[in-house]
Amino acid sequence: MQEINNKENNSLTIDVEEYFQVEAFANNIKASTWGDYPSRIEYQMQLLLDLLEEKQVKATFFILGYIAKNHPKLVKLIADKKHEIASHGFNHQHITKQTQKAFSVDITDAKSLLEDLTAAPVNGYRAPCFSITADNEWAHDEIYNAGYLYSSSTYPIAHDLYGVPNAPRTPYFLENGLLEIPVSTAKYRNKIVPAGGGGYFRLLPYFLFNSILKKSKNQLDYINFYTHPWEYDPKQPKIKSNAKSNFRHRVNQHGALAKLTKLCQVYQFDTLANVHLEKTYPTLGKWTDIASGKF
Ligand SMILES: [Zn+2]
């Protein structure tokens, strides 16, 4: 068994998007009105970049093309600090709401823009809201055809907004050659629970979240933790939405930075590319088979 804080296997990933672009508010805010909302991303990213610098952590940033277009200097700043620049697509639309062609354009445009800004290849992609469903036959081929080497777009849990509960919990290659790196989960008896961050990281007391994450690390031998800049900014404007979405979005934002600081003290993190791209993983076949547990 490897040490819990083994640097080689722990990754901190940050999905770089604005508070008004999240899936929980997608029914309240159309993409065409994004320009009407005050941007908070540069302030939020400074908090995170300062923390990572202080703790000497290198992270993977899945950046939206929309953010790169409107804040090109931010992308260059992240790259200058030697973090990994990866893609969250361009317009943060659920894949189930896109045609195959529109999806291809979205992920290709985001990749080209990020590569133009940083003059370096972008290898990683994460789907908005982990929205590649079990019956989607084309998303992984489009991701591979766009030139990405890996995707971190699956959360193998049951959840009302996302999740592919029967998919593998550890990294694997699809038959087309794309590497998929699932977000961290933990298994208690027969139940698989989320361990990778997001709202649960804010909702649960630190010791409880950490005990789940530790269990996950012991079971999977790696950590793929994810978070968002808007989770650390209690002063962001409030979006008019339903009580459930507002609670999920805003719960415990006040204490989130202190929690992330603690996490960076306990675990040594590195980028997904550094942790996984040189490793050997099994090739499991076609996505629709893998997603339905036939692997
Ligand atoms: Zn997102």
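This report covers a helix pair, the nonpolar core and several loop residues in a predicted model.

**Helix 3 and helix 4**

Two packed helices are described by the angle between their axes and the distance between the axes. For helix 3 (residues 72-80) and helix 4 (residues 100-118), the axes come within 9 Å and cross at roughly 65°. Angles of 65 to 115 degrees count as roughly perpendicular, and helix 3 and helix 4 are therefore roughly perpendicular to each other. The crossing of helix 3 past helix 4 is right-handed. On the helix 3 side, the contact is made by Pro-72, Val-75, Lys-76 and Ala-79, which meet Leu-114, Leu-117 and Thr-118 of helix 4. The residues of this contact comprise five nonpolar, one polar and one charged.

**The nonpolar core**

The largest nonpolar core contains 72 residues, and those with the most contacts inside it are Phe-61, Ile-63, Val-75, Ile-85 and Leu-114. Helix 4 gives the largest share of this core, six residues. Val-75 belongs to the contact between helix 3 and helix 4 and is also listed among the core residues with the most contacts. Leaving out residues up to four places away in sequence, Val-75 touches Ile-63, Ala-68 and Ile-85, as well as Leu-114, Leu-117 and Thr-118.

**Loop residues**

The loop between helix 3 and strand 3 (84-87) holds Lys-81, and Lys-82 is found in that loop too. Apart from neighbours within four places in sequence, Lys-81 is in contact with Leu-49 and Glu-53.

Gln-56 lies in the loop between helix 1 (41-54) and strand 2 (60-63). With 9 C-beta neighbours inside 10 Å, Gln-56 counts as exposed. Gln-56 has a positive phi although it is a residue other than glycine, and Lys-82 likewise has a positive phi without being a glycine. The phi values are tabulated here.

| Residue | Phi |
|---|---|
| Gln-56 | near 55° |
| Lys-82 | about 70° |

**Helix 5 and separations**

Asn-145 is found in helix 5 (residues 139-145). Asn-145 is partly exposed because 14 other C-beta atoms lie within 10 Å. Asn-145 and Asn-176 are 31 residues apart in sequence, and their C-alpha atoms are 9.3 Å apart in space. For Lys-81 and Gly-163, the separation is 82 residues in sequence and 32 Å in space, C-alpha to C-alpha.

Technical notes: Residues are numbered from 1 along each chain as its sequence is written. This is a predicted model: local features need pLDDT of at least 70, side-chain atom pairs count only at pLDDT 80 or more; totals for chains, interfaces and linings use all residues. Helices (H or I, at least four residues) and strands (E, at least two) are DSSP runs, numbered from the N terminus. A residue is buried if 20 or more other C-beta atoms lie within 10 Å of its own, exposed if 12 or fewer, and partly exposed in between; C-beta atoms are placed from the backbone. Axes are lines fitted to C-alpha atoms, for helices over the stretch in contact, and angles run from 0 to 180 degrees between N-to-C directions. Angles under 35 degrees count as roughly parallel, over 145 as roughly antiparallel, 65 to 115 as roughly perpendicular and the rest as oblique. A crossing is left-handed if the near helix is turned anticlockwise from the far one by less than a right angle, and right-handed if clockwise. Two residues are in contact if their C-beta atoms, placed from the backbone, lie within 7 Å. Ala, Val, Leu, Ile, Met, Phe, Trp, Tyr, Cys and Pro count as nonpolar, Asp, Glu, Lys and Arg as charged, and the others, Gly among them, as polar. A nonpolar core is a set of buried Ala, Val, Leu, Ile, Met, Phe, Trp, Tyr and Cys residues joined through C-beta atoms within 7 Å.
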